Amino acid sequence: MLKSVLEVDDAWLIANARKGIDKASENRFRELVAARSRGIPVAYLLKSREFWSRDLYIDSRVLVPRHETETLVERVLDCAVELGTPSILELGTGSGAVAVALSVELPDASILATDISEEALAVARKNIARHGCRNVVLQRADWFSGLGGQRFDVICSNPPYVASGDSHLESPELKSEPLSSLVAGVRGLDALEAIAREAPDHLKPCGWLLLEHGYEQAMDVREILMESGFRDVRCFPDLAGRDRVTRGRRADHGDP
């Protein structure tokens, strides 16, 4: 946080470790430390968070992007390799972190990123503009509502998946984040079920659905996808080795 206040890098701090700072900077730093001690996420204090090696603008209107969500990006890229100019739908884009990462890696793709929150879309617009993502379109939508008959090669989402009674919700940091972006019913599966149920109607033949979920929800999400008619269902771990993303392919007529 001190680097942000002084607008310097690590090298400067090391070289000037014994150097004093002006009173205004000191006061600002103390304010940040006090806010952090109350559990306010660093990303909200600094209005910044790195994701996929890109600096994103972040504030309390959106969830703080987690590094485990980079697993979702990696798996979408795996699916897109076999496609020349893939069409991708991201549901619940929040800060736009995933859309920005996909845009950077897939400049020939067409990406539609949606969110029900206009406040979240305002943050996403900042990040889309900051990184020059000309192949990303933002749209307000409640999951698939308003998308008509559009179909995509890939649909991905990091939806709310925390159970309403989860004790983690009592942590000061999570209390600072938008509750509607975290909680999805008693078991945390409501959003995952809603997306999986409607996704086949918005996927092209053999299109992919990829969902991020809690590390203890992998079996439930697998069953949800299979019951929704997906095949080739598989779960992937994040860098901590925890089950994090499950994908499935739309089953079409004639598939085994």
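Residues are numbered from 1 along each chain as its sequence is written. In this predicted model, local features need pLDDT of at least 70 and side-chain atom pairs count only at pLDDT 80 or more, while totals for chains, interfaces and linings use all residues; side-chain values use heavy atoms, with hydrogens and water left out.

**View 1. The salt bridge between Glu82 and Arg249.** The closest N and O atoms of this pair are 2.7 Å apart, a salt bridge being a side-chain nitrogen of Lys or Arg within 4 Å of a carboxyl oxygen of Asp or Glu. Arg249 is buried, with a relative accessible area of 17% (buried is under 20%, exposed over 50%, partly exposed in between, with a 1.4 Å probe and protein chains only).

**View 2. The salt bridge between Arg125 and Glu118.** The N to O distance is 3.8 Å. Arg125 is partly exposed at 43% relative accessible area, and Glu118 is likewise partly exposed, at 40%.

**View 3. The salt bridge between Lys175 and Glu170.** Here the closest N and O atoms are 3.4 Å apart, and both residues are exposed. The count for the model comes to 11 salt bridges.
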